[in-house]
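Visitor: I would like to understand the words that are used for a structure such as this one. Could you take me through them slowly?

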Amino acid sequence: MKDGAGASKSDVVFWNRLSGHYDGFMRLFAREYPELLRLISAELQQKDAVLEMACGTGIISQQISPLVQRVTATDISPAMIAVAAAKAQKLGLANIAFSVQDGYALDFADDSFDAVIIANALHVIPEPLRMLKEAGRVLQPQGKLLTATYCHGENMKTRFLFWLLHLTGFRAWREFTSKSFGELVAAAGFAVEKTRLLHIHFPLIYVVARPFGYIEFGSASPEEV
Ligand SMILES: C[S@@+](CC[C@H](N)C(=O)[O-])C[C@H]1O[C@@H](n2cnc3c(N)ncnc32)[C@H](O)[C@@H]1O
């Protein structure tokens, strides 16, 4: 991890503590994940070098690793990375490299990856714009950002659940709506190509975006996937 990276020690302690329960929690509540995994997989190619930021226990990295050349899975929490690495080893997934890294300041050169994934993370991070800009730095100019975030600001019910979540001590920093999340991605220097609101238990906005300046003939305005 680079010096002066920015994530607080209490964030690391919080996520370390959750690492043992995270997969059980996701199995129960993240009903949108099978469809999210399908959408992310559809964007990837066998030649791709993929970075996952804030990978947690590696649910996404494990799913996509057979589809691409290599996956670099990073997270601020050493305990999350330990769980993810143990699972990958058990599954024999040899093309995933794990490292503890702060998403505000990664240890990778500019333009290192064909795709960067950030899922279920930008609403639990104090400075999501900063993390998205860092994703843009390490992404190749023709690369793809694949990102998804729960939208606690979407309606009255989700705002109420956000309030309840806070009472449990859960650290969610942003009440995104699908609109405000798209705006944040654009503010970080990306052109949004596709969006899809997945909603079973809770609204999850999925966005495919390219670094601003990437031009593909016929790609004018965002489409729904
Ligand atoms: C809700 S979990 C999501 C995990 C995974 N992306 C998934 O979809 O299951 C949020 C993750 O963000 C990580 N995180 C929080 N702050 C971070 C930071 N500054 N840099 C990198 N990861 C961070 C936490 O350690 C945690 O594993």
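Guide: Let us begin with the ligand, whose shell of residues divides into 15 nonpolar, four polar and three charged. Please keep in mind that this is a predicted model.

Visitor: Which residues of the shell are the closest to the ligand?

Guide: Of the 22 residues that surround the ligand, the closest are Ala7, Trp15, Ala54, Gly56 and Gly103. Helix 1 (9-18) and helix 4 (59-64) are the elements that give two or more residues to this shell.

Visitor: What makes strand 3 and strand 8 the edges of the sheet?

Guide: The sheet is open and mixed in its pairing, and its eight strands follow the order 3-2-1-4-5-7-6-8. Strand 3 (96-100) and strand 8 each have a single partner strand, so one side of each is left without a neighbour in the sheet, and that places them at the edges.

Visitor: How do you know that strand 1 and strand 4 pair?

Guide: Two strands count as paired when there are at least two bridges between them, and strand 1 (residues 49-53) and strand 4 (residues 113-119) have four bridges, in the parallel sense. Within this pairing, Met53 stands opposite Ile118 in strand 4. Helix 6 packs on the sheet, where it touches strand 1, strand 4, strand 5 (139-150), strand 6 and strand 7, and its direction makes about 160° with that of strand 4.

Visitor: In which sense does strand 6 pair with strand 8, and in which sense does strand 6 run beside strand 7?

Guide: Strand 6 (residues 190-199) and strand 7 (residues 203-211) run antiparallel and are joined by nine bridges, with Leu197 of strand 6 having Ile205 as its bridge partner in strand 7. These two strands form a hairpin, with three residues between them. Strand 6 and strand 8 (residues 223-224), however, pair in the parallel sense over two bridges, and there the bridge partner of Thr195 is Glu224.

Key. Residues are numbered from 1 along each chain as its sequence is written. This is a predicted model: local features need pLDDT of at least 70, side-chain atom pairs count only at pLDDT 80 or more; totals for chains, interfaces and linings use all residues. A residue is near a molecule or strand if its C-beta atom, placed from the backbone, lies within 6 Å of it. Ala, Val, Leu, Ile, Met, Phe, Trp, Tyr, Cys and Pro count as nonpolar, Asp, Glu, Lys and Arg as charged, and the others, Gly among them, as polar. Two residues are in contact if their C-beta atoms, placed from the backbone, lie within 7 Å. Axes are lines fitted to C-alpha atoms, for helices over the stretch in contact, and angles run from 0 to 180 degrees between N-to-C directions.
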